[in-house]
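Thank you all for coming; I would like to take you slowly through one model today. Please keep the sequence and the structure in view while I talk.

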Amino acid sequence: MAYAALDREFSEPVLEAFTRQTGIAVRAKYDDESTKTVGLASLIVQEAARPRCDLFWNNEVLHTVRLAAKGLIAAYHSPHATAFPPSFRSPQGLWYGFAARARVLIVNQTLVPEVVHPSSIFDLCDRRWQGKVGIARPIAGTTATHVAVWFATLGPERAKQFLRDLKANDVQVLGGNRQVAQACAAGQIAFGLTDTDDALLAQQQGAPVMVVYPDRQAGQLGTLFIPNTLAILRGAPHRREAEQLVDFLLSPVAEAMLAQCPSRQIPLRMGGEAHSDVETPATVQPMAVDFEAAAAHWDAAARFVAEEFLGSA
């Protein structure tokens, strides 16, 4: 059985392709949009004594790393491992990152003149845009992942100050990344922070928006690429089949399917061909991230966001 946090419309066709190739049927439990990946990760913890899940296909990385830190992930050294950069896989074989989304700025071209287009996440704090920028609630999904990465990369104090500056700039905190893209498309905000799949969907629907990969110049942070991740559960009832599924999902075929689907997942396999709609870590400066360090900051980042940024205990 696989727990899949990537949207069913994108992950199910890939799992069906695996079944056609191998004859192995995959029973899948898909993520609930309201809980993002948190619900499936919590379920894995609850079931630790008697796992039902064989493979966790997460749509981000930090909850996977946190499960590994709890000892709930089994090592598997896939023959495809070396095709992926070391920064996107566990050296112990506990998890593998593939098929990423980038964290980008979506900009309403009607509201934002080209001469003042934002180019950095720090432009979200620019007073000229007070009350006119947006982010998803930073307690779930890739926005929560991004916050923990800021704590690890900027350092906790600088990350906290950045969040305070966002709050002081009256940032609009919206329900999710798709809501950020929709608000930008509708002109409710001038620009916002979201994921490539949601930004591209707004473009595909004809909205007057552009996608900016932030902090891509020398000396800047770089653009954050958040991979989907794969991990086999400790005590998986169907270990051999889970290994076969990992190998298939790390294959060129699976990444190509995800690259060409409407969400335009970004291949991380070296030499993988991305859709022309997206940039990749080979074409823009990627943020240098230690995902295990970011996972270690998760709890502190979540507390700060809840108590000081969102004003709730």
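Let me begin with the lining of the largest cavity, whose residues divide into seven nonpolar and two charged, with no polar ones among them. Please keep in mind that this is a predicted model. The residues that line this largest cavity are Tyr3, Ile44, Glu47, Ala48, Pro51, Cys53, Leu72, Leu233 and Arg234, and its volume comes to about 70 Å³.

Now I turn to strand β6, residues 133–136, and ask which of its residues are buried on each side. Val133 and Ile135 are buried on one side, while Gly134 and Ala136 are buried on the other, so that both faces of the strand are covered. In general, the side chains of a regular strand alternate between the two faces of the sheet.

Strand β6 also has partners. With strand β7, residues 172–174, it runs parallel and is joined by three bridges, and here glycine 134 stands opposite glutamine 172. With strand β8, residues 191–195, the pairing is again parallel, over two bridges, and valine 133 stands opposite phenylalanine 191.

Finally, the largest nonpolar core holds 113 residues, of which Trp57, Phe98, Trp150, Leu163, Leu166 and Leu249 touch the most other members. Strand β5, residues 96–108, gives the most to this core, with nine residues. If we leave aside neighbours within four places in sequence, tryptophan 150 is in contact with Ile121, Gly155, Ala159, Phe162, Leu163 and Leu193.

Note on methods: Residues numbered from 1 in each chain as written. Predicted model: local features only at pLDDT ≥ 70, side-chain atom pairs only at ≥ 80, totals over all residues. Heavy atoms only, no water. 1 Å grid on protein atoms, 1.4 Å probe; cavity = no way out; pocket = protein on both sides within 12 Å on 5 of 7 lines; lining within 4 Å. Points joined across faces, edges and corners; volume = space filled by probe spheres on them. Nonpolar A, V, L, I, M, F, W, Y, C, P; charged D, E, K, R; others polar. Buried < 20%, exposed > 50% of the residue type's maximum accessible area, 1.4 Å probe, protein only. Helix = DSSP H or I, 4+ residues; strand = E, 2+ residues; numbered from the N terminus. Pairing = 2+ DSSP bridges. Core = buried A, V, L, I, M, F, W, Y, C linked by side-chain atoms within 4.5 Å. Contact = heavy atoms within 4.5 Å.
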